[in-house]
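Q: I'm new to reading structures, so please pick a single part of this one and take a close look at it. Then connect it to the rest for me.

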Amino acid sequence: MLVLTVPEKASIPTYTLAPNGHGGKVMIDVREAGGRCGEFRLDPAFLQPHRKDYYFFVLVKSGANRHWIDFVPYTMKPDTFYFTVPQQVHLKEHTGPIEGIMMSFTDEFLQLEDNRILKQLPIIQNPAAAHEIKLSPPDLVFIEDTMRKMLVEFNADGTWRNQMLTSWLRVLVIYLSRLYSEQYNETCITLNYCLLKSFQSLIAEHYATQHDVAAYAEKLNLTPGHLTDVIKQQSGKTAIAHIHERLIVEAKRRLLHTELSVKQIADELGFDDAAYFNRFFKRLTDTTPIAFRMQIREMYS
């Protein structure tokens, strides 16, 4: 089985890669959907809102289904590459038979010393919050060939299996990053850009407990002023705007995908006072949490 439920405080469940049959950790998983493997059947749990704590890549060869990533609906198209990064909220709205190759890998894999440079690649950082890459015929041939090599290696038990899988994965994410940069006009990576990504990673980890710039500046061994200057120069937005935007995204996720009350959502996001959370939400979105819930659910339905 590919995934299992991880209990957590948040109301939206998170799925992780299941351990292998020998009880060991899995950092890479590759499998075929449809084709020679017959009809692909989706885990029913995936039809409910959920998060994944791993990177998920899919090369769709044929078929279609409709799904949401956070608040944006997507309809899968043939000969297209799809990808998601950890902790986004997924919801499968409509599923049909598809053929293709699916690959998952964990952040733990990217933390290995030989792989840390991959963490900075555009397909991993995903600054444009994109989820699909269009493929030319030569791109399709290259990516399918690479993923099939990984599939064969994954299903074999040969010598240096993990090293081979790692090598092919490096080739794949570098190739995909080239396409990402072409299609989403990715900026050059600099030290200040890396600081922006480190700041955003810290927000993703601590948004429910740390709401002020000074706390993040301390974690990065910087002054609040210097952090604010760099973040504004790199992103065009202030540091506090990044913190507030993440809080709004998490609030919207819970308003759409759960039945939590506004007070419960405020508690989960670290607000001591529900009334202040209401004012905060309205100031940044021009609507109240309850009004947003009604509007987004009407659009979804």
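A: Let's start with P127, which sits in the loop between α2 (122-125) and β11 (132-134). Helices here are DSSP runs of H or I with at least four residues, strands are E runs of at least two, and both are numbered from the N terminus. Before going on, keep in mind that this is a predicted model, where local features need pLDDT of at least 70, side-chain atom pairs count only at pLDDT 80 or more, and totals for chains, interfaces and linings use all residues. Residues are numbered from 1 along each chain as its sequence is written, and side-chain values use heavy atoms, leaving out hydrogens and water.

Buried means under 20% relative accessible area, exposed means over 50%, and partly exposed is what lies between (1.4 Å probe, protein chains only).

Now zoom out. The protein has eleven helices and eleven strands, and 46% of its 301 residues are buried. Take the contacts (heavy atoms within 4.5 Å): of those with a separation of 6 or more, 71% join residues 24 or more positions apart.

Next come the salt bridges, each a side-chain nitrogen of Lys or Arg within 4 Å of a carboxyl oxygen of Asp or Glu. The structure holds 16 of them. One pairs K119 with D107, with the closest N and O atoms 2.2 Å apart. K119 lies in the loop between α1 (107-111) and α2 while D107 is in helix α1, so this pair ties together parts twelve residues apart in sequence. D107 is partly exposed, at 25% relative accessible area.

Another salt bridge links R254 and E268, with closest N and O atoms 2.6 Å apart. Because R254 belongs to helix α8 (residues 239-257) and E268 to helix α9 (residues 262-268), the pair ties together parts that are 14 residues apart in sequence. Both R254 and E268 are buried.

R31 and D29 meet through their side chains as well, at 2.9 Å from N to O. Here R31 is partly exposed at 31%, whereas D29 is buried at 7%. Finally, E32, K61, D79, E144 and R148 are linked in a network of salt bridges.
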